[in-house]
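Biologist: I'd like to learn how to read a structure, feature by feature. Could you walk me through this one?
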Amino acid sequence: LGCLAAAPAVMAASTTVGVGESIQAAIDAAAPGDVIKVLPGDYYEPTNGSAAIRITKPLKLIAKSVPALGLKVRILPNPDIINPVTSLPVQTNGILVEPENDGDPDVDRLLIKGFTVEGFQNNGIWLRHVRNYKIKNNESIDNLENGIWPTLSANGLVKNNIAYGSQDSALWVEASENVRVIKNELHHAPTGLEVTISKNILMKGNDIHNNTVGVGLYHPKAAGLPDPGLAGDWKLIANHIYDNNEPNSAPPGSMSAELPSGGGILLLGVDNNLMLKNVIENNDFYGIAMLDWCLVNPSTCPVPIGAAGVPDYNEVIRNTVTGNGLNPDPTSPYAPLAAEILYLYGTGNCFSGNIVSGVTIPFPLAPSC
């Protein structure tokens, strides 16, 4: 009797890129599943496209950074590739991950680790139609739209990143499912951590400070989109959200530009979410605000307004909310609403075991959980 030999496993190849070489060229030459390691230094890719680096296949892209020694892998816009109309670099995004063509299957399995992405006109690290991904230990600096932006993606881990200097959100999870946002530091943006139109999002152990609003849990219309029914089941657990009192740097005309400074957590017209064991302190306008989207933005809602933007079935449990609402912008029409917790109405919302201004008290406008 003969024996059938097992097919040999296909081993992932590993490629190392050094300063003066092209990361994009290594990506283009790689097979799906390969590992690309990048040595410390500044990289100006020769790509004549909107992204300095575009990934369209499963890969592990690993920067061999040693931040403690000042050794970073920095991806920067190439100043030699200029848009003749705007006189700005053509490369408006740092790292973009998406299928090769519209309608192709999602990119399935991806790791991006250890990079500093800096100074792009739009986004630092942007994922579109990606599944089973990890974005770890990266740094997004002064990417002017969003720092880290997974959208239309699923089954992701965004962990131990630092993002700051954006004019929309430092980290935005949009139209995505099953994403864990863990132990990131997010600061100096209109919204530090934003979630819209998503399901099953865990945000835990993040350090969120010095934004205009620390955490924004926003109605779909905040992103200019209709409500597709995919929203809620967002868990905000054990985050530190503090000193979010920066002036709003968003460009005029955007929803972000309308955000008043001094917000801890802004839950705006979304349902079925949990806020548990967060420490929310020293935000000048409010610690937690749970508001009707249509009350704040009536021009975007049908008339009569009805219940299209009312927050329902949210749980606020065992948070420490202190030192908030003490110094609202006196020029803001909303200044009289300043409070540790700002809540007007909704269905099924509940508050239990929260320490407010140093005292554990029930919240008078909603039942206990």
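Biologist: Where is Val356 found?

Modeller: Val356 sits in strand 33, which covers residues 355-356. Strands here are DSSP runs of E with at least two residues, and helices are runs of H or I with at least four; both are numbered from the N terminus. Mind that this is a predicted model: local features need pLDDT of at least 70, side-chain atom pairs count only at pLDDT 80 or more, and totals for chains, interfaces and linings use all residues. Residues are numbered from 1 along each chain as its sequence is written, and side-chain values use heavy atoms, with hydrogens and water left out.

Biologist: Is Val356 buried or exposed?

Modeller: Buried means under 20% relative accessible area, exposed means over 50%, and partly exposed is in between (1.4 Å probe, protein chains only). Val356 has 12%, so it counts as buried. As for distance, Val356 and Asp233 are 25 Å apart in space, C-alpha to C-alpha, and 123 residues apart in sequence.

Biologist: Next, the sheet. In what order do the 10 strands come?

Modeller: Two strands pair if DSSP finds at least two bridges between them. Here, 10 strands make an open sheet with parallel pairing, in the order 4-7-10-13-16-19-22-25-28-31. Strand 4 and strand 31 are the edge strands, each pairing on one side only. On average, neighbouring strands of this sheet are turned by 5 degrees against each other, direction ignored. For such angles, axes are lines fitted to C-alpha atoms (for helices, over the stretch in contact), and the angles run from 0 to 180 degrees between N-to-C directions.

Biologist: Over how many bridges do strand 25 and strand 28 pair?

Modeller: Five: strand 25 (residues 263-268) and strand 28 (residues 286-291) pair in the parallel sense. Take Ile265: its bridge partner in strand 28 is Ile288.

Biologist: How many salt bridges does a search of the whole structure find?

Modeller: The general idea is that side chains of opposite charge can pair when their charged atoms come close. The rule is a side-chain nitrogen of Lys or Arg within 4 Å of a carboxyl oxygen of Asp or Glu. That gives eight in the whole structure. One of them joins the side chains of Glu98 and Arg54, at 2.8 Å from N to O. Glu98 lies in the loop between strand 7 (93-97) and strand 8 (107-113), while Arg54 is in strand 4 (residues 51-55), 44 residues apart. Glu98 is buried at 12%, whereas Arg54 is partly exposed at 26%.

Biologist: Which residues are linked in a network with Arg54?

Modeller: The network of salt bridges links Arg54, Glu98, Glu100 and Arg128. Inside it, Glu100 and Arg54 meet at 3.6 Å, N to O. Those two are 46 residues apart, with Glu100 in the loop between strand 7 and strand 8. Glu100 is partly exposed, at 43%.

Biologist: Last one: which residues make the nonpolar surface patch?

Modeller: Leu295, Val296, Tyr334, Leu337, Leu344 and Tyr345 do, covering about 500 Å². Patches use residues with over 30% relative accessible area and no salt bridge; like charges are joined within 9 Å, and nonpolar side chains (Val, Leu, Ile, Met, Phe, Trp, Tyr) within 5 Å. Areas come from the Shrake-Rupley method with a 1.4 Å probe, and for residues only the protein chains shown count as cover. Leu344 lies in the loop between strand 31 (339-343) and strand 32 (350-352), and at 39% it is partly exposed.
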